[in-house]
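Please read it alongside the sequence and the model.

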Amino acid sequence: MSNYHIKGLEEYFNVYRKSVRYPEKFWEEVAEEHFVWRKKWDKVLDWNFEKPEVRWFEGAKLNITENCIDRHLLTNGEKTAILFEPNNPEDEAEHISYNQLSERVNAFANVLKSQGVGKGDRVCIYLPMIPELAISLLACARIGAIHSVVFAGFSSSALAMRINDSECKVLVTSDGSYRGAKTIDLKGIVDEALENTPSISSVLVVKRIESQINMEAGRDHWLQPLLDNASNKCEAETMDAEDPLFILYTSGSTGMPKGMVHSTAGYMVNTAYTFKNVFQYRNDDVFWCTADIGWITGHSYIVYGPLANGATTVMFEGVPSYPDFGRFWEIVEKHKVNQFYTAPTAIRALAKEKLDYVEKYDLSSLKVLGSVGEPINEEAWHWYNDNVGKKKSPIVDTWWQTETGAIMISPIPFSTPTKPTYATLPMPGIQPALMDEEGKEIEGNQVDGRLCIKFPWPSMARTIWGNHKRYKETYFSAYEGKYFTGDGALRDEVGYYRITGRVDDVIIVSGHNLGTAPIEDAVNEHPAVAESAIVGFPHDIKGNALYGYVILKETGEGRDQNNLRKEINQIITEHIGPIAKLDKIQFTSGLPKTRSGKIMRRILRKIASNDTSNLGDTSTLLNPEIVEEIMKEVL
Ligand code: WTA
């Protein structure tokens with residue numbers, strides 16, 4: 001029996017049982033057999049969910065880049081590590097071997113050092129999906145700097161907020177980016193953000209679109225000349241197991257996003273282990289995850305998980321619809337992709353188009369199909385299974401979160417029988433629990449409740465940057481002694497899990513987590529807006545879309561409503577980014593509130609979803625009459 005590489009259902013159950021009975025022994029064996037350490041740990045695990053405090057592999061010393069790069073050089077130096085597919089299909093793909101990756105990461109690390117970056121300093125990375133993005137993460141890790149990647153679709157104020165929260169010293173960006181037929185002026189957004197970011201002392205700029213941009217003397221530096229002058233050897237910094245590897249922001253229920261802090265050793269062991277098993281990666285396979293590295297999926301399954309296994313990982317700069325809707329499948333054929341990992345929203349968008357786009361290409365290289373980010377509905381699951389996998393490639397519906405760092409619940413392909421819309425069984429080492437409203441664990445099968453995890457796992461986020469109190473309140477206070485995920489789930493008759501969706505005020509739109517509070521804050525900035533409430537409603541492609549109820553001030557009444565809608569969405573775009581725009585905006589004279597003044601979002605959600613058959617008791621509201629008015633005007 002191999003702990004590291006599970007083959008077969010029986011073996012899965014054996015390994016799982018062992019991982020629950022002897023979690024420390026289980027993870028210790030995985031860590032010992034498959035990674036290089038400068039010094040082994042003194043203690044595998046120390047934990048306390050009350051504080052909360054979790055430490056894995058305490059006392060161990062390592063550098064994650066030695067595990068992701070150096071150790072592959074002797075035997076696999078010429079193997080492609082990163083296979084870069086550019087936005088424009090006419091441009092050539094770039095194969096970056098492990099040897100080349102090593103040189104580029106080391107040179108980049110030396111450039112960071114020359115800008116005064118050292119161990120523990122924060123570096124913000126705001127780049128499109130080009131090789132420098134992956135390389136900059138690894139360069140930070142090489143010297144022990146903490147990277148904080150901000151998705152390049154975020155606005156200047158969202159970027160500034162994240163830079164300031166973790167006081168980043170250096171920003172890595174590019175002159176611009178390609179997105180399908182469009183180019184985006186990334187540096188322009190950066191310049192705006194940097195008006196209010198005192199911690200940034202220098203900006204490294206990658207040339208991508210060759211546009212004319214502003215370069216501020218003394219602050220902004222083109223990256224290439226610095227790389228040309230840097231040595232491509234850089235000694236890896238010795239890191240403690242628990243030293244932070246990166247910060248990644250995720251939405252929460254207040255305006256300030258949460259900077260989730262991930263550790264070095266635990267994160268490495270857990271992402272590598274899940275990559276190997278969930279995708280059943282074999283030596284010569286080509287793995288492609290379509291996520292952006294700006295999200296956790298890209299961190300764990302484009303960069304760290306694959307590279308820690310010596311894999312070939314595809315990085316795609318473009319979008320699924322350019323130059324046409326066959327682009328994904330063209331890439332699968334061209335690079336003979338073996339494992340393909342994407343989001344339900346992409347599947348739904350592609351399923352709306354002609355089947356020709358899929359059928360035109362040879363997809364016979366595919367072995368495993370993955371899904372992540374939101375529940376995959378039955379229709380999308382079947383379309384993916386029938387037309388992409390030709391009913392031969394198991395679909396792994398992987399449930400996890402920015403906070404969990406690695407996949408938590410997922411089938412093991414060729415072992416776990418799949419079931420549409422079910423993420424199925426927990427990965428070894430993961431102990432889920434369903435909780436009832438009273439806070440008691442629900443035992444047995446055919447039940448549903450709130451999803452918690454009752455035992456630590458190596459890749460769990462350790463804290464929220466600068467705000468441990470919020471970490472405790474958000475994740476460890478709802479249910480005593482357990483990590484609360486914010487999701488609801490059900491367990492079927494055989495113990496398979498199905499994630500039913502968020503039970504808090506986070507809404508997942510096209511696979512992106514959006515908190516309602518920051519969007520409401522943005523809407524309320526409009527001078528004509530008195531108050532607003534935002535809820536989600538079902539959407540064919542995006543999964544959920546946003547519905548805003550807006551109360552206008554007197555000054556706003558009588559103004560052209562469509563203009564107001566445009567202005568409101570413009571403010572949202574400026575504050576957060578276009579992903580948070582509202583699909584529908586209804587102007588109303590009031591919002592249903594409880595007597596204590598809380599907005600009854602449950603009612604607003606039902607109305608927005610056209611599901612008004614059972615609104616529940618509205619008589620206890622402060623203003624029950626408003627419900628009728630809102631229902632009459634619903635869009
Ligand atoms: C949702 C993405 C159902 C869930 C890795 C979770 C899912 C949130 C699935 C985290 C899935 C993710 N089925 N729901 N397979 N995967 N989710 O932080 O609500 O961007 O809490 O991490 O996405 O989103 P995040």
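## Residues around the ligand

The shell around the ligand is made up of seven nonpolar, six polar and four charged residues. These assignments, like everything below, come from a predicted model. Of the 17 residues around the ligand, those that come nearest are Asp397, Thr398, Thr402, Asp487 and Arg502.

A polar side-chain atom of Asp397 lies 2.7 Å from a ligand nitrogen, and a backbone N or O atom of Pro375 is placed 3.4 Å from a ligand nitrogen. On the oxygen side, an N or O atom in the side chain of Arg502 is 2.8 Å from an oxygen atom of the ligand.

The ligand taken alone exposes 530 Å², and the protein buries 96% of that area. Helix H10 (296–308), strand E20 (395–398) and strand E26 (497–502) are the elements that each give two or more residues to the shell.

## Helix H4

Helix H4 runs over residues 98–114.

Which residues of H4 are buried? They are Tyr98, Leu101, Ser102, Val105, Leu112 and the run Asn106, Ala107, Phe108, Ala109, Asn110 and Val111. Just after H4, Gly116 adopts a positive phi of about 85 degrees.

Key. Residues are numbered from 1 along each chain as its sequence is written. This is a predicted model: local features need pLDDT of at least 70, side-chain atom pairs count only at pLDDT 80 or more; totals for chains, interfaces and linings use all residues. Side-chain values use heavy atoms; hydrogens and water are left out. A residue is near a molecule or strand if one of its heavy atoms lies within 4 Å of it. A polar contact is a pair of N or O atoms within 3.5 Å; within protein, one must be able to donate a hydrogen and the other to accept it, and residues adjacent in sequence count only if both atoms are side-chain atoms. Accessible areas come from the Shrake-Rupley method with a 1.4 Å probe; for residues, only the protein chains shown count as cover. Helices (H or I, at least four residues) and strands (E, at least two) are DSSP runs, numbered from the N terminus. Ala, Val, Leu, Ile, Met, Phe, Trp, Tyr, Cys and Pro count as nonpolar, Asp, Glu, Lys and Arg as charged, and the others, Gly among them, as polar. The expected span of a helix is 1.5 Å times one less than its number of residues. Buried means under 20% relative accessible area, exposed over 50%, partly exposed in between (1.4 Å probe, protein chains only).
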